[in-house]
Amino acid sequence: MAFLLKGAHAVDPQVGLDKVVDVLIDGEDIVEVAESIDAPEAEVVDARGKYLVPGLVDMHVHFRDPGFEYKEDIASGCRAATHGGFTDVATMPNTDPVTDTGTGVRYQIDRGRAADLCHVRPIGALTRGEKGEALAEIGDMVLEGACAFSDDGHGVQSAGMMRTAMGYVSQFDRVAIAHCEVESLTTHGVINEGRASTRLGMFGWPALGEELEIYRDIELCRLTGCPLHIAHISTKKGLDLVKAAKAEGLPVTCEVTPHHIFLNEDDVTAEYNTNLKMNPPLRLKSDMEALREGIVDGSIDCIVTDHAPHAKHEKDCEWEIAFFGTIGLETSLPLMLNNMVRSGEMSWARLVEVMAINPRSVLRLKPVKIEKGSKADLTLIDPEKEITVSEDYFESKSKNSAFLGMNLVGVATDVFVDGKRTLVDGQVA
Ligand SMILES: NC(=O)N[C@@H](CC(=O)O)C(=O)O
Ligand SMILES: [Zn+2]
Ligand SMILES: [Zn+2]
């Protein structure tokens, strides 16, 4: 199957591309990029007025498969990813059983292939059962295709265990992804500690509970040489620690979620909208602003959604007992376009870096470039198309979005994965 994308504004800083071109896809690959291409055999896609970028990657999602398929399974998660404009997702291992063996990794890859929409890249657990007590089968998981290692959902509480795990991971060309949370400081915490916890009368989750472990893991990175990636960073001080580590030349990277850069603790009101309950919690407005700056100035490497689907009954309850997390795959790109690119706060090239280039590099995936010979993993975006974030909009099995009710401008209309068109004019194929 061949596709000829006509008149797209292609943006790819890897090859210095930022102009209107035609792109010809044949089979799995890009075979030509030029000002004007004629290919009578190919199906023409009118891309005038649209932006073409290397396929978007969300390197932090929860697909709940195996174990909690009532919230999301790999097939429904892949539909949501495709609808959101992604060609690749990296799935966190806090499934049931935890993805801590080669077989577990193989299962997710196989399910992803069967869904046949996007590349599913499993992240293996650092420790068995994510219990923080003994090493998981890291070597075996590397052989089966794990792209990184993390106990996401939990911090590894023992510094000694984290040292062992990072030492082990450092033998392979993989990063350790740290969910930084000192549980002795965050137990019972359900909202940012300080003004928000006082105002709403609930147990606080202090910033220190995150920052202390970021500090520890940066020092363990120095000690072990293991590349470290900080998951869902949420405070200014945490980001300052990452900036200092980078300035020293340590192999440290980090990611931020749309909810931590577009929402803050003041958005949690006496309505107690539990879709705003997440881990780490929404922080101060000043944290939010510092994180936004960090994306633009290069200190934050990746935008990830931390797509955390939960069923109705797990959110439709008192704040204290509601599950942590918001879905994100289908709102991430529209939020970035609407809130940062449209306003000029962020360039298209920087958007491509944080949503496509950098996550591939952190996950040790082969780069995708808009040039002849590259895999045709591409996202086509209509910067003027408007969406309303309603429950009906979502392909995800779960509807727990922190952004319900918003109108956003800019969305993916078409996605190509290995040359196959998986999103066609906004509809999942
Ligand atoms: N972020 C969340 O609020 N929830 C995540 C866990 C996690 O990412 O730590 C989940 O698995 O539901
Ligand atoms: Zn986490
Ligand atoms: Zn997560």
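The model described here is predicted. Apart from its neighbours within four places in sequence, H179 is in contact with S150, D151, D152, G153, H154, G155 and A231.

## The annotated binding site

In an unreviewed entry, UniProt lists D152, H179 and H232 under "binding site". These residues are spread over 81 residues of sequence, yet they cluster in space, with a largest C-alpha distance of 10.0 Å. One of the three, D152, is also among the contacts of H179.

H232 occupies the loop between strand 13 (228-230) and helix 8 (236-247). Is H232 buried or exposed? H232 is buried, since 23 other C-beta atoms are found within 10 Å. When neighbours within four places in sequence are left aside, the contacts of H232 are E255, V256, T257, H260, P280 and D306.

## Overall fold and dimensions

The protein contains 13 helices and 19 strands. Along the principal axes, its C-alpha atoms fill a box of roughly 65 × 50 × 45 Å. For 429 residues, a compact globule would have a radius of gyration near 22 Å; the protein has 21 Å and therefore agrees with that expectation.

Of the 429 residues, 55% count as buried. Among contacts with a separation of 6 or more, 75% are made by residues 24 or more positions apart.

## The annotated catalytic domain

The unreviewed UniProt entry lists residues 49-237 as "domain: Dihydroorotase catalytic". Over this range the chain is 38% helix and 19% strand.

## The nonpolar core

The largest nonpolar core has 123 residues, and V23, L52, F149 and A176 have the most contacts inside it. Helix 13 (residues 348-362) supplies the largest share of this core, 7 residues. In soluble globular proteins, nonpolar side chains tend to be buried together.

V23 illustrates the contacts of one of these core residues. Not counting residues up to four places away in sequence, V23 touches L5, A8, A10, I30, V33, L52 and I370. L52, listed here as a contact of V23, is itself among the residues with the most contacts inside the core.

Strand 17 (residues 407-417) and strand 18 (residues 420-424) run antiparallel and are joined by 3 bridges. F416 has R421 of strand 18 as its bridge partner. The hairpin formed by strand 17 and strand 18 has 2 residues between the strands, and D418 adopts a positive phi near 50°.

Strand 18 also pairs with strand 19 (residues 427-428), in the antiparallel sense and over 2 bridges. Which residue of strand 19 stands opposite L423? The residue opposite L423 is V428. Strand 18 and strand 19 form a hairpin with 2 residues between them, and in its turn D425 has a positive phi of about 50°.

Conventions
Residues are numbered from 1 along each chain as its sequence is written. Chains are lettered from A and ligands numbered from 1 in the order in which they are written. This is a predicted model: local features need pLDDT of at least 70, side-chain atom pairs count only at pLDDT 80 or more; totals for chains, interfaces and linings use all residues. UniProt positions are given in the numbering used here, feature names are shortened, and annotations may be inferred rather than shown by experiment. Two residues are in contact if their C-beta atoms, placed from the backbone, lie within 7 Å. Helices (H or I, at least four residues) and strands (E, at least two) are DSSP runs, numbered from the N terminus. A residue is buried if 20 or more other C-beta atoms lie within 10 Å of its own, exposed if 12 or fewer, and partly exposed in between; C-beta atoms are placed from the backbone. The radius of gyration is taken over C-alpha atoms; the globule rule is 2.2 Å times the number of residues to the power 0.38. Two strands pair if DSSP finds at least two bridges between them. A nonpolar core is a set of buried Ala, Val, Leu, Ile, Met, Phe, Trp, Tyr and Cys residues joined through C-beta atoms within 7 Å.
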